[in-house]
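Okay, thanks for making the time, everyone. Let me put the model up on the screen and then we'll walk through a few spots together.

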Amino acid sequence: MIEDRVKLLQHIDRLIGFESDDEIADRFSRERVKSVRETIHYYYLTILAPYAGLAWVTWDHLVTRIVACILALAVAFRFRHWMLPVPEGKTEDVNRNAARLTGFMVVLLSCTQAAFYLTLAFDLDGMAGGTPSWLPILALGLLAALTQGAALTGIIFASRVIFFCFVMPVVAAVLYLFAASNIPASVATVVLTAVNFYIAETSHRTQLRLFQAQYDADAALLRMERTNTELADARRNAQYQAETDNLTGLRSRLAFIHDIEAKLDGGQCGLLAVIDLDRFKPINDLYGHHAGDIVLRQVALRLQRVLPQGTVVGRLGGDEFGVFIAGSSCLAELGELVDVCDKALRQLCKPMRLANAQVSIGACAGARLLGEDAPDVDQALRDADAALYFAKRNDMIETKLFDAEIRDKNKRLHAIETALLEEGALDQLSLAYQPIFNLRTGQLSSFEALARWEHPVLGNISPGQFIPIAERIGCIRPITLALLSRAVDFAAEWPASCRLSFNLSAAHICGGDAASEIVALIKQKNYPAERLQLEITETAMLVDFATARRNVDMLREAGCRVALDDFGAGFASLVYLREIRFDKVKIDGSLIKRARHPQGRDMLRGVVKMIAAMKLESVAEFIATSGDRETARELGAEFGQGYHLGYPLDEEGTRDLLAQYHWPHSTKVRSLANWELDRQEALAPSARPLPLTREK
């Protein structure tokens, strides 16, 4: 019983427009049902108006009074529904009960009107000379039915109910009463009724097609708007990504430049500073890149907090940041602007708390004043970079302003870069050989090959200038291999007990095939690998630790000795001694100089003992005085190198020195008692030193 009732309700729901399989048809029906609320009062008017006209003259008929009661109840019952706002969710297009009630009311009113008009027509037809006659009554009823169908054309089931429950009975009555007297008119009535029904049905399908076309157009428009919105969002997101550094939230390099240009165009001036972090790479190596990201975000926050409002802050790349501190009269405010930048540097040097450690970084800055006569921002950034390079090289902890001296040095560096790229630059390079002695026996142990460049126009160019430039422009590899080839050819003449020590640049040792190239070269030259010692600085480990360690392992497996150069110049060297296998450690000259004082002497003693405990040989660099030599020897350093022991020599001077320390058929070695005399002999006119900028 319940199942039958459910099926009946489902069938009724389908008739009134619910549960359609076609989404568009279902939506169309619901929209038409909504539109009926705008015309429902006309439907009731088409019921009441003709009824009132007939009831005026037929009130004595019982059917007229019965219909009056039904209509009064219907109007009273539905008054609130079609005259007052309906609560949300109660309208026929979404509420099944409301839709069923509307359908029931249409059926009731259609049947009531049909009974009313037919009863009056047949009653009057039986009355001779009755007034009004049946024909006007049925004509009025048919007109009322067609008008009601038009008023409820939005509800297809309502139009069908009116047609079958109201129009058809009235037409049938007309044919019954009228057909015998006028057949053509009866046929016309049938044709008009059929056409009316066909138009009503066709109108529904036509409107459905139009609705579907409009629906498709709206959907296409919606898709187009959605696409436009997505494109606009994508453009905004792309612009945000391009203008914002994802890690720190600061302005990107390009946006940073644009912001400064906008301020300059607005008549402002200011101080453009480039800030570079110190000791940042070791944090990545020791604690991981996540810790490095935290440090960079902390740096960004500190810069934003300490700098004045309106300052443009950007991340230029890596651990380099840019700031533009605006001012109103920059020349007069220059000191204040620099002080603000120095304050930011001091803030960055304060310790930072990570999840499991506390770290400290350093920072230095190069700056350029930007005013009305300033160059473009790109050039100003290059000038600030040049000042930054000067500050880093001189271990400055305050902001360095770009000046004429830096400009001249920068021009020279650009000239050196151009000269390096010229054809024949390799032919202008040469080598000097600085001796390394055994501090305990006085024996000549090895020579360190040092690069030299005498340019025909620029004059003497120190390795400290052209090596970093060669690394930056990518030509250090051919320079290294060419100089190593020359050094190996020359060292092949030396006694077997004298080694060749050769420096490898940080950029080269971090190349993927650096070790294989070096091994292939010495094999080609047939030079004993055990007589070659390759020196690597701590800087190389900072560039690419994994690649550097892999290359060091390959070189040692081939038989070469590897030394860690400049030990003590940085704070992370101990980590590299633990992680990478070295044969020798060269103690930085700064520790030798400090050892001239008691506190530094204790420090040097500790370093030498630590190196000895790791079963490594030690070389004291920058031995400048006899006191330095004696201190290094007494504290346990095995080897020494420096101007006091021997200057860098050309090939002729090197041969002379070798002849003095390694004469044929001698099994003796020089004693420390003859050390000073031997050193003076080594500096005879035939063995004059070559210029050296980076003395050891």
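Predicted model: local features only at pLDDT ≥ 70, side-chain atom pairs only at ≥ 80, totals over all residues.

Start with α3, residues 40–58, and α6, residues 134–151: their axes come within 8 Å and cross at roughly 170°. Anything over 145 degrees counts as roughly antiparallel, so α3 and α6 are roughly antiparallel to each other. Who's touching whom? On the α3 side you've got Y43, T46, I47, P50 and L54, and they meet I137, L140, A144, T147, Q148 and A151 of α6. Sort the residues of that contact by class and you get eight nonpolar, three polar and no charged.

Next pair: α19, which is residues 514–525, and α21, residues 545–557. These pack at an angle of about 20°, and the axes are 8 Å apart. With that angle, α19 is roughly parallel to α21. The crossing of the two is right-handed, by the way. From α19, the contact uses A514, A515, S516, I518 and V519, while α21 brings in N551, M554 and L555. The class count for α19 with α21 is six nonpolar, two polar and, again, no charged residues.

Okay, the serine. S485 sits in helix α17, residues 476–491. Is S485 buried or exposed? Its relative accessible area is 16%, and the cut-off for buried is under 20%, so S485 counts as buried. What does it touch, leaving out residues up to four places away in sequence? That would be L521 and K525. With K525 there's a polar contact as well, side chain to side chain, at 3.0 Å.

Last stop, the backbone. Most residues other than glycine have a negative phi. Now look at D566: not a glycine, yet its phi is positive, about 60°. D566 lies in strand β13, residues 561–567, and with a relative accessible area of 15% it is buried.

Then there's K615, also not a glycine, where phi is positive and near 60°. Where is K615? You'll find K615 in the loop between α24 (598–613) and β15 (617–620). K615 has 75% relative accessibility, so it counts as exposed.

Note on methods: Residues numbered from 1 in each chain as written. Heavy atoms only, no water. Helix = DSSP H or I, 4+ residues; strand = E, 2+ residues; numbered from the N terminus. Buried < 20%, exposed > 50% of the residue type's maximum accessible area, 1.4 Å probe, protein only. Axes fitted to C-alpha atoms, helices over the stretch in contact; angles between N-to-C directions. Parallel < 35°, antiparallel > 145°, perpendicular 65-115°, else oblique. Left-handed = near helix turned anticlockwise from the far one by under 90°. Contact = heavy atoms within 4.5 Å. Nonpolar A, V, L, I, M, F, W, Y, C, P; charged D, E, K, R; others polar. Polar contact = N/O pair within 3.5 Å; in protein donor to acceptor, adjacent residues only side chain to side chain.
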